[in-house]
Amino acid sequence: MSFDPVPFRVSFQLGIWVTSLLLILCFPLAWVFARSRRRWVVWIESVTTLPLVLSPTVLGFYLLILLSPRGPVGSFFLSVFHVRLAFSFPGIVIAGCLASLPFMLSALRTGILSVPSQLLDASYTLGKGRIETIFRVVVPNMKSGIMAGIINTFAHTLGEFGVVLMIGGSIPGVTKVVSIAIYERVESLNFGDAHVYAGILIVISYGGVLLLNRLQRREAKR
Amino acid sequence: MLRFDLRIHLRAGDHDFRLDAAHSLAEGGLLGIRGASGSGKTSLLRCLAGLYHPDSGCVQMGEETWYDSRQGVFFPPQRRSIGLVFQDYALFPHMTVYGNIQYATGDHGRTEELLELTRLTTIARHFPRELSGGQKQRTALARALGRRPRLLLLDEPLSALDEDLRYSLGEELLRIRAESGVTAILVSHSRDEISRLCTEVIELADGRVS
């Protein structure tokens with residue numbers, strides 16, 4: 001086997017989709033987790049943290065049952081949108097979203113909590129509603145939390161293996177991501193290519209973490 | 001006429017606190033509320049601002065009812081014509097002095113007018129981190145006046161300043177309030193400050209007007 005750059009394209013597409021979807025979907029949830037004092041919140045919060053501690057194969061196994069054409073979610077998507085989820089790119093996007101959910105949620109929750117509640121109160125007393133306050137006061141003051149969410153989620157999705165393999169298999173150009181390509185190269189004892197794939201992943205991940213740390217240090221100085 | 005009669009039970013950790021305060025103030029007046037730390041001064045301001053939901057009572061500003069537990073009326077802060085100057089000013093750190101005031105006014109002309117009133121025009125492009133305590137206080141005051149409030153609430157606005165600055169800014173506060181003609185409540189733990197600045201004074205002790 002020779003070096004094939006396509007798994008990088010698939011991984012990047014997956015990373016961009018998962019990060020973008022989670023950024024939008026997680027913000028309202030992170031807001032509730034950070035600001036609500038209701039007792040049921042801790043139960044939901046614990047469920048969303050599960051992917052962090054659960055084996056990816058366990059998550060992948062149940063996702064496969066849910067997303068397969070006979071499963072409740074898979075059959076719904078197939079009949080309504082004519083989209084097959086198991087062993088397809090949309091399927092690994094859903095799987096990637098669930099696997100990376102705690103990374104985005106925790107970063108956004110921390111970011112929201114870092115904004116002093118007095119700033120929100122000040123905005124309300126100036127006649128602004130909650131949505132305007134979120135966009136004009138909260139979001140600009142939690143930039144490092146948002147960046148942490150984007151970088152952690154993207155980097156984690158790039159390295160995702162177990163869940164993606166369970167849901168997507170290894171279809172070249174569709175579901176074969178870099179981590180699966182590394183696994184296959186190692187299996188066929190092609191350590192040279194495996195080194196190239198792994199090396200590029202390490203450089204990208206290090207770049208992301210370095211960028212995040214620099215941003216956080218700069219923000220701390222303010 | 002501002003009339004309030006408020007009762008609220010607050011809990012902070014193991015500490016229970018009951019606020020039970022009533023008073024009325026003529027429109028255009030400046031009421032001073034004095035009391036030691038923990039006497040309920042800030043909680044009372046937060047109830048008047050709509051940031052706390054009292055257990056029972058009422059708040060009436062002129063012909064408007066902002067809160068009435070018997071009628072089930074509760075206006076959130078956005079619907080009350082108020083301006084609140086927080087103890088630590090709560091300026092938006094990502095906005096300039098101009099931006100902070102303009103956030104409240106939504107209007108360039110009114111912002112310029114307030115910058116002049118509070119003598120902040122020369123530092124309008126500065127960020128809060130570049131301001132002195134006195135400049136922050138004036139910015140917070142200008143911002144609180146941005147909506148042309150009927151009631152201005154001042155939560156220990158001079159407490160973070162040194163002695164000399166407290167005196168001069170206290171005078172300036174009087175001037176600005178007189179020029180805007182707004183009804184105001186000033187909360188402070190300093191007896192001198194309250195008696196020097198306010199037309200009417202009440203004292204809070206353990207959540208009750210004494």
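**View 1. Strand S3(B) is tucked inside.** In this predicted model, 5 of the 5 residues of strand S3 (residues 30–34) of chain B are buried, so the strand is largely enclosed by the rest of the structure. Buried means under 20% relative accessible area, exposed means over 50%, and partly exposed is in between (1.4 Å probe, protein chains only). Strands (E, at least two residues) and helices (H or I, at least four) are DSSP runs, numbered from the N terminus. In a regular strand, side chains alternate between the two faces of the sheet. Here both faces are covered: Leu30(B), Gly32(B) and Arg34(B) are buried on one side, and Leu31(B) and Ile33(B) are buried on the other.

**View 2. S3(B) pairs with S9(B) and S10(B).** Two strands pair if DSSP finds at least two bridges between them. S3(B) runs parallel to strand S9 (residues 183–188) of chain B, with 5 bridges joining them; Leu30(B) has Ala184(B) as its bridge partner there. With strand S10 (residues 200–205) of chain B, S3(B) pairs in the parallel sense over 4 bridges, and Leu31(B) is partnered with Glu200(B).

View 3. You'll find Arg119(B) in the loop between helix H3 (108–117) and helix H4 (133–144) of chain B, and at 54% relative accessibility it counts as exposed. Asp206(B) sits in the loop between S10 and strand S11 (208–209) of chain B, and its 64% relative accessibility makes it exposed.

Residues are numbered from 1 along each chain as its sequence is written, and chains are lettered from A in the order in which they are written. Local features need pLDDT of at least 70, side-chain atom pairs count only at pLDDT 80 or more, and totals for chains, interfaces and linings use all residues, while side-chain values use heavy atoms, leaving out hydrogens and water.
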